[in-house]
Amino acid sequence: AFHSFSKSHLADIISTVEFNHSGELLATGDKGGRVVIFQQELESKNQPQCRGEYNVYSTFQSHEPEFDYLKSLEIEEKINKIRWLPQKNAAQFLLSTNDKTIKLWKISERDKRPEGYNLKEEDGRYRDPTTVTTLRVPVFQPMDLMVEASPRRVFANAHTYHINSISVNSDCETYLSADDLRINLWNLEITDRSFNIVDIKPVNMEELTEVITAAEFHPNQCNTFVYSSSKGTIRLCDMRASALCDQHSKLFEEPEDPSNRSFFSEIISSISDVKFSHSGRYMMTRDYLSVKIWDLNMESRPVETYQVHEYLRSKLCSLYENDCIFDKFECCWNGNDSVVMTGSYNNFFRMFDRGYRQDVTLEASRESSKPRSVLKPRKVCTGGKRKKDEISVDSLDFNKKILHTAWHPQDNIIAVATTNNLYIFQDKL
Amino acid sequence: MTLLCQAPAALVGWPPWLEASVQHSSQFWMANMYSKGTKRKFYDSVDAATDNKAALYSRQRQSLLDMSLIKLQLCHMLVEPNMCRSVLIANTVRHIQEEMTHDGSWQLVTEAFGSSGPSDHLVATEVLCRSSALEQQGGGPKLYSVMGYDGCREEEVVTDEALCSVTFSGGAPSLLGTIDHCWDRAELRMAAVEDRVIKDSGSEVESGEGAKTVMGQVFGTFEIKNGAPGSDPALEELFSAVDASYYDLDTMLTSIQSTPKMGPYNLLDSMASSHGPTSNSSCRTDLSELDHIMEIIVGS
């Protein structure tokens with residue numbers, strides 16, 4: 001059972017949520033180009049079982065709006081993705097990207113400052129050297145913790161189309177960035193050059209029928225990555241095979257179910273997110289109505305399929321009309337790959353336990369999330385008599401969508417983003 | 001979708017048969033969405049005794065097609081449209097058209113509008129071709145009514161038209177330079193034509209290509225001109241003639257929000273009309289005019 005722990009109120013629409021590799025830090029990006037980082041407090045001595053709360057650690061403006069005068073179009077400052085680098089020293093590093101530009105940010109702490117200069121006063125004014133009669137050794141004195149974020153690299157001008165994914169390689173030296181038609185490989189140290197490794201742009205744009213929707217590096221094999229498409233396919237590529245990975249090593253695609261065919265079949269098959277399991281044996285894809293688990297050794301069909309909100313299948317025309325059918329839901333694994341989670345409408349999110357074959361629907365809302373309260377499972381009534389506490393499909397609020405969720409890498413702590421709020425839940429009191 | 005409630009007074013630059021097509025489609029879709037009880041006889045040739053289910057499916061399919069076309073038209077705003085969404089909608093349109101072509105109902109549609117264009121020159125792609133000429137903001141009949149914005153644009157209209165005649169004799173830099181944000185689309189159409197000019201040495205565009213070409217023009221708007229390294233020096237010289245002050249943000253926003261009375265298609269049409277025979281297939285006319293312009297630019 002998950003308990004409500006804390007929630008934060010963020011002014012702007014949250015566009016991405018990501019835990020760092022230890023789970024101590026949680027980063028969110030928003031539509032206004034801001035990044036807010038939360039830090040887990042150390043466990044309190046009074047309640048050793050209670051893991052610390054997440055409080056704001058650092059806030060900074062990552063991206064600013066830009067105007068492309070050549071195309072007379074705005075470049076949105078919305079943060080599309082944040083990815084943390086594995087920690088190497090005292091400082092933390094993350095990559096954040098908007099539609100066009102990726103930035104590497106260094107987040108460092110300062111909790112000491114030097115005092116006792118000989119030539120400077122405490123306020124910084126220089127002393128007259130002739131007044132110095134004795135010498136002392138400056139010492140570090142503690143000060144209030146200050147967290148500084150500084151941009152260390154700016155990776156720009158490599159993407160014609162909108163960046164949808166970034167992924168750090170397990171070699172910790174390179175990372176990939178993917179837009180609608182191309183994927184580029186970068187070295188974290190080099191900003192003026194990137195290598196194009198996938199290009200699906202047709203010679204004639206009139207033949208364009210498919211775009212790249214997500215891409216990710218394998219967690220262990222630094223030569224392997226996958227990318228998903230709007231036609232419901234996933235391609236696994238090996239960078240050792242050739243410089244340009246247009247030829248995939250593996251193609252994962254499930255044959256269409258002819259009984260479910262409609263004009264919306266292609267749209268709902270479009271993959272909105274792809275995530276490797278922590279083990280690297282499986283990958284998970286999210287399309288409009290379902291979550292699928294694929295074994296990397298089997299391309300013909302997924303090994304597991306979970307229906308997120310099958311009751312929407314009969315509503316596809318309305319969802320097409322109001323554009324909801326184009327919503328891009330993300331998905332995530334828990335630390336040991338036994339449970340997967342994804343969002344839905346009405347501020348509902350779903351968890352699927354792969355081992356026990358159970359699933360649960362929970363709601364992220366202020367009413368149901370008073371601190372320390374237990375989250376109650378929710379149920380959507382699909383037809384016929386509506387039981388008490390059930391909600392009917394027609395009462396669902398399609399403006400309240402949970403697109404972004406994240407799971408702590410080790411513990412059962414989850415972060416769920418509604419439009420304007422971040423909810424953090426954990427499974428222990 | 002209230003912007004479509006008002007009957008379009010004048011769709012500037014649209015050929016009459018296309019105007020009627022979109023108008024009819026839009027009104028049909030509106031009728032379907034808002035007048036639940038009204039029975040509309042869309043297909044006069046559909047036998048009354050035909051299975052209701054088939055007719056219902058047909059209407060729903062048409063409704064979906066119209067909705068999709070309108071969604072594609074509304075893509076063009078200040079921020080670049082989402083490519084994935086556009087591709088998925090365009091694919092949906094294609095599927096519907098293919099099915100309608102298969103079961104013969106597409107012929108009915110084109111016949112109903114008296115189109116004498118080639119049968120594989122799909123209406124939908126014509127609409128897509130025109131989509132970039134329509135700038136819309138939500139609410140109000142701004143989409144079609146160009147009357148209200150005359151005061152704002154009239155001067156420029158005159159200028160463009162004047163330039164238009166100058167352009168034809170003196171080369172096209174001013175043609176591209178003075179059309180505000182639409183010029184990139186014109187330029188891309190030209191780029192598409194240029195490819196053919198280079199490949200086919202100026203030969204006429206085949207009608208079968210027409211559908212593909214205009215589909216490319218929709219996606220062509222996603223191209224960045226500055227993405228092409230080592231571009232043609234003639235083209236660069238072209239762009240150097242662009243008046244940089246025109247890109248003042250205020251002007252830009254104003255011009256985007258007001259329906260541009262003069263777009264590339266308008267200019268091309270007025271050129272076409274000033275240059276003699278009006279072809280039934282206006283797209284073909286446009287493309288041959290573009291061929292001519294490209295020859296001037298390329299300096300052949």
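Author: A salt bridge is a side-chain nitrogen of Lys or Arg within 4 Å of a carboxyl oxygen of Asp or Glu. This is a predicted model, where local features need pLDDT of at least 70, side-chain atom pairs count only at pLDDT 80 or more, and totals for chains, interfaces and linings use all residues. Residues are numbered from 1 along each chain as its sequence is written, chains are lettered from A and ligands numbered from 1 in the order in which they are written, and side-chain values use heavy atoms, with hydrogens and water left out.

Reader: Which side chain meets Glu254(A) in a salt bridge?

Author: That of Lys292(A), at 2.8 Å from N to O.

Reader: Is Lys292(A) buried or exposed?

Author: Buried means under 20% relative accessible area, exposed over 50%, partly exposed in between (1.4 Å probe, protein chains only). Lys292(A) has 16%, so it is buried. Glu254(A) has 31%, so it is partly exposed.

Reader: What else does Lys292(A) form a salt bridge with?

Author: Asp287(A), with the closest N and O atoms 3.9 Å apart. Asp287(A) is buried too. Glu254(A), Asp287(A) and Lys292(A) are linked in a network.
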